[in-house]
Every structure is written in structure tokens, then in C-alpha cells.
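Try each task before reading its solution.

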Amino acid sequence: MAASPLTGFARYRAEWLANPVREILAGMVGTFALIPEVIAFSFAAGVDPEVGLYASFVISVVIAIAGGRPAMISGAAGSVALVAAALVHAHGVQYLLAATLLAGLLQMLAGAARLHLLMRYVSRPVRTGFVNALAILIFSAQLPHMLHVTWHTYAMIALGLAIIYGVPRLFSAIPSPLICILALTTVATIWPMPLHTVADLGRLPDSLPHLVWPLVPLSLSTLETILPFAAAMAMVGLLESMMTASVVDDMTETHSSKRTECVGLGLANVAVGLFGGIAGCGMIGQTVGNLRYGGRGRLSTFVAGAFLLLLMVALRPWVARVPVAALVAIMIMVSASTFSWSSLRDLRTHPRGASLVMLATVAVVVATHNLAAGVLVGVLLSGLFFAASVSRLVTVETRYDAASDTRTYSVTGQIFFASADLFAERFDTRDTARHIRIDLRHAHFWDITAVGTLRDIVARMESHGLTVELLGLNSASATLIDRHSDLSVAPQT
């Protein structure tokens, strides 16, 4: 029996109200993890930091309400920023806002069309490579903050890491990254030292976001300009959000609605475009930080965005004094938590093909900073290795009955486009026996390539005067053959 509306509402309410104190504190950790990344990604896209910060606030609030994966933090992500950069540089921020609106609409259409089902074709090695690559990118993004600095920065980072990993051994009521922020800011205030602060990262917002409409011509020319970028932003955003949602599913041993997440992300990006922000998506590093400190529901996602706006506007002078070293320490922790360390050990025990897929995904993402490219390469390699392994499982055994001058070909395995040629090579279409029986009881035909190959084999044998009998095909394969050929097959008995 389907769940009643009350049951669905009760579940939704529980996603908001379960353990609110822990959710609020975990969301605050997510906020501080957002700040350096969002500002860095804003520079990568060629826009002011406030554009990315406003976007992260709007996305977090909307996705907390309308998304399908509780506890996942979304914001202005680097993958989308890289796509948007070329549009900003060529046409300006107003065209970016228009593309963001269109990207959101495309994502909502993708959810309505159930395109999230394509995630089923992303194998576990690809997901592991995706996670590991992001962990490497998160850590590498901290390196500029550790170059050409004084020893004070390294000492503060070390102190921050000591607090983050040491405090939980004493008590865990307050997430240690928050204590790290407070402690390092206090130290830097009491004992002034040459340290970079959040104020040095760029211009921070000084007012609430407000509704805007992109100042672009409403013409076909504008649509032609923004459509390629909007489609790319929509695809990359959906891909990263779906991958992040799958990681959260695994970490929390729960399930989520990927279709709802697609629609919710699209709605969030439409809202972002109307509030002057850049399109965003799920952010795995910040999400892992949220999960690590107890975030499991929608409230933590909401707090990550709402607290970000509070910090940027109401507490702007205080936030400006936070040492960048504190944020670097948090992101190093997030990077270490995100990386799948067990995957290094698994390289020795997992099949070589699976390990190669994982490493290739990591290599492409790290080299290009393009998550879509890395996942695409991983999916293609997974498909090739799968096709190769399945094609090797096709066997054709023969036996000859001299009394009736009949040769029987017994076929076992899966016949589809990747194994069809191997299947055809097992037959001698100029067989010396006058009668041919092809036993298909242990075979399954999957596509028209397989059907066409069988039809060609039979036609060639008959052209040489042989009589061919097909027998034993299962009902699904027989239906496919009846629909796409004129072959007659005796059913299984």
C-alpha cells in the first residue's frame, strides 16, 4: 500500500526537526566550509565574491525546502563556475544571470523527464574516483593560501588541525571546526601577526540580496548565446548533485529522491538568477563536513545558507577578521574526510579494470578540473570493460551426428552489440553437414544487432544449401526476434 500523505508529511517534518541543536551546529560548520570555496570559485568565474555568496545563500535555503536529499549542502560550485567563466568573460555578468535562469529551467525539465535514472549507469569505481578527485581538488585549492606566507600561517594551520582533531577526544557538544574558528580568531586578535584574513579574499556583501532581472535583450540572438552555456551548466550541476547525493546515500545508509533533487536544484537556480547569483549545485566537501558533525536533515542545509547571510551582512566586521588559516585547516580536514583511503588498499584486490576506471576518473578530473569530463571517461571505460567481460562469456559448442548428417551448435551467453561478432565467428556458414540445428536454450538476445547477426548467419547457411533449425529460445528473446526478423524459432520446452 502506498504511503499516505500524512506519512509523507510526518517524514518531511522529521527531516526538519530531528535533533535541531546538532543540525544547527553542523550547518554552521558547513557555512565556514563554504566561505573560502565560494569566494575562490567566484574569482574563477570572473564575478565578485558577493555574487557567489548570495548564490550559496539562495541555493541552500531553496534546496533545503524543495530538494530530495536531506543534509546535502549546495552552493556556487567550482565545476559550474568553470563553465560560466567563458560566458562572463565574453558577454558579462548579465548574460550569466540569464544563463543561470535557463539552466534552472533545464534542470527542472530534466527532473520531470526522469533523466536522473541515467545515474544507474555510473559504476561504483567511477563514484569512488569522483570522490577522490574532489578531495584532491579541495586540498590543492588550499595550497595558494600556504605559499609565500610567514611561519605564523603554518603555526596557525597546525593549531587549527590540532583543535579540529583533538577537541572531539574531550567533548563533542560543539563541532570542533567552530571552536577552531573562534580560537584562532581570538589568538590573532590578542596577538597580532602577519596573517591573511577573510577580508583579504575579496569584497564581502554589505546588504541583503534583492530581486533583479537580467539586463539582456529578449531576442533569439540572446538565446543562441546563452543556450550552450546554460545546457552545460545544467548538465554539470545535475551530475555533481546526483553524484554527491549518491555519496550521502552511502554514508548515511539512507535513500533519497534523485528526481526531486533535480527539480529542487532547478528551482534553486531559477531563484539564484532572480537574486543576482551564479548557478550552483551540490558541494561534496561541505556536505561531508556537515555529515561528519551530525547533519542529517534539511535544517542543517538551511542553516548553512541562512548563517552564511547572517555572517556576511550582520556580522561582516567580525567575519572579516577570521584568519584564512582557520578556514584552510577546516578544508584540509574536509579533504581528508572526503578521500576514500580504503580505495588505495583496494587497488591490490579489486579487478584491474575497476581500478583503472577509478584512477582514470581521478586523473581526468584533476587534470581538467571538469567533473563532467572525468565521470564521462569513467562511464565509458566501465562500459567498455563490461562489454568486453560479457562478450567473453559467449560460448558455442558443436557436435555432429553422422547418422542424420546434422551438426548442432549449442549457444550459451548474452548476445548483444559487443558480443555479436564473437558469436558470428563461432559458426561455419559453409558447413559440410546438410542439416544445422542452433540450440539457443542457454542464450539471450538483447538488441537488434544480435538479431541481425543471427539472421545473417542463417541466411548465409541457407544460401549454401543447408537447412537450418532454431530451437529453444526464451520468450523475451523470441519476441525480439519475431519483431525484427522473419526467422522461425521453436520455443523452449
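Buried means under 20% relative accessible area, exposed means over 50%, and partly exposed lies in between, using a 1.4 Å probe and protein chains only. This is a predicted model, where local features need pLDDT of at least 70, side-chain atom pairs count only at pLDDT 80 or more, and totals for chains, interfaces and linings use all residues. Residues are numbered from 1 along each chain as its sequence is written, and side-chain values use heavy atoms, leaving out hydrogens and water.

**Exercise 1.** Find how Phe 339 and Trp 341 pair, and decide whether Phe 339 is buried or exposed.

Solution. Start with the rule: rings of Phe, Tyr and Trp (its six-membered ring) pair if their centres lie within 6.5 Å; planes under 30 degrees apart count as stacked, over 60 as edge-to-face and the rest as tilted. The structure holds 7 aromatic pairs. In one of them, Phe 339 and Trp 341 sit 4.6 Å centre to centre with 50 degrees between the planes, so the pair is tilted. Next, check accessibility: Phe 339 counts as buried because its value is 16%, whereas Trp 341, at 54%, counts as exposed.

**Exercise 2.** Classify the pair of Phe 423 and Phe 445, and say which elements hold the two rings.

Solution. The centres are 5.9 Å apart and the planes 85 degrees, which makes the pair of Phe 423 and Phe 445 edge-to-face. Now place the residues, taking helices (H or I, at least four residues) and strands (E, at least two) as DSSP runs numbered from the N terminus. Phe 423 belongs to helix α18 (residues 420–425) and Phe 445 to strand β5 (residues 435–445), so the pair ties together parts that are 22 residues apart in sequence. Finally, widen the view: ring pairs link Tyr 409, Phe 423, Phe 427 and Phe 445 into a cluster.

**Exercise 3.** Locate the two domains of the chain and state how far apart their centres are.

Solution. Domain bounds here come from an automatic or database domain assignment. That assignment gives domain 1 (9–384) and domain 2 (393–483). Taken over C-alpha atoms, the centres of domain 1 and domain 2 are 54 Å apart.

**Exercise 4.** Where is Leu 359, and is Leu 359 buried or partly exposed?

Solution. First find helix α16 (residues 352–368), which contains Leu 359. Then read the accessibility: because the value is 43%, Leu 359 counts as partly exposed.
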